[in-house]
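I opened this notebook to record what I looked up in the structure. The entries follow the order in which I consulted it.

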Amino acid sequence: MTYTEIFEHLHQNPELSLEEFETTAFIKKILTEEGIEILDLPLKTGLVARIKGTAPQKGNKPGAKIAFRVDIDALPIEEKTNLPYKSKNPGKMHACGHDIHMTVGIETAKILNQKKAELCGECGSHQFDSDNRLPQCKSDRPGSCKCNPH
């Protein structure tokens, strides 16, 4: 899918916070097709993706770990536009820019994955509902709430 097709699909199919099941599935499908790992976490909506760099480490230090987050929820607003990609879900709209936020997040993950041979660390894409909850994160876990599964 092109950048524009992803944006228009997301804009047409807004879901409210904690109801983003189709949005999550859509993002997961695109990232999986790109060969990007989706972490198996107990999330009802949203996801965490990981891209591991394959470049050799420099010295004794492990590669850097970076993460970026993306909001995926819409607002309970009726869209009153005549856009050809207007919301198909009555009373729900991406009026806050999360549609473009998701699109940029997806494209960023795709580009980082294409350049993983140049990276020696890890990149994470955290795509969340507005509550930004990760129930599996506990202070006694290695990595604390950085969603490090190791």
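**Entry 1: Helix H1**

I looked up the buried residues of H1 and found Ile6, Phe7, Leu10, His11 and Gln12. Buried means under 20% relative accessible area, exposed over 50%, and partly exposed in between (1.4 Å probe, protein chains only). Helices (H or I, at least four residues) and strands (E, at least two) are DSSP runs, numbered from the N terminus. I noted that helix H2 (21-33) and H3 are included in what covers the buried residues of H1.

**Entry 2: Basis of the model**

I recorded that this is a predicted model, in which local features need pLDDT of at least 70, side-chain atom pairs count only at pLDDT 80 or more, and totals for chains, interfaces and linings use all residues. Residues are numbered from 1 along each chain as its sequence is written, and side-chain values use heavy atoms, with hydrogens and water left out. The chain has a mean pLDDT (the predictor's confidence in each residue, from 0 to 100) of 86, and 85% of its residues reach 70 or more. Over residues 134-150 pLDDT stays under 50, and the model has 28 contacts (heavy atoms within 4.5 Å) beyond four places in sequence for them. Where pLDDT is low, the predicted coordinates should not be read in detail.

**Entry 3: Aromatic rings**

I searched for aromatic pairs, meaning rings of Phe, Tyr and Trp (its six-membered ring) with centres within 6.5 Å; planes under 30 degrees apart count as stacked, over 60 as edge-to-face and the rest as tilted. The count came to one aromatic pair. The ring centres of Phe7 and Tyr85 are 5.6 Å apart and their planes stand at 70°, so the pair is edge-to-face. Phe7 lies in helix H1 (residues 3-12) and Tyr85 in the loop between strand E3 (65-71) and helix H3 (98-114), so the pair ties together parts 78 residues apart in sequence. Phe7 counts as buried at 18% relative accessibility, and Tyr85 counts as buried at 17%.

**Entry 4: The sheet**

I traced an open sheet of four strands, in the order E1-E2-E4-E3, with mixed pairing. Two strands pair if DSSP finds at least two bridges between them. Strand E1 (37-38) and E3 are the edge strands, each pairing on one side only. E2 (residues 47-52) and E4 (residues 122-128) run antiparallel and are joined by six bridges.

**Entry 5: Thr23**

I located Thr23 in helix H2, where Thr23 counts as buried at 3% relative accessibility.
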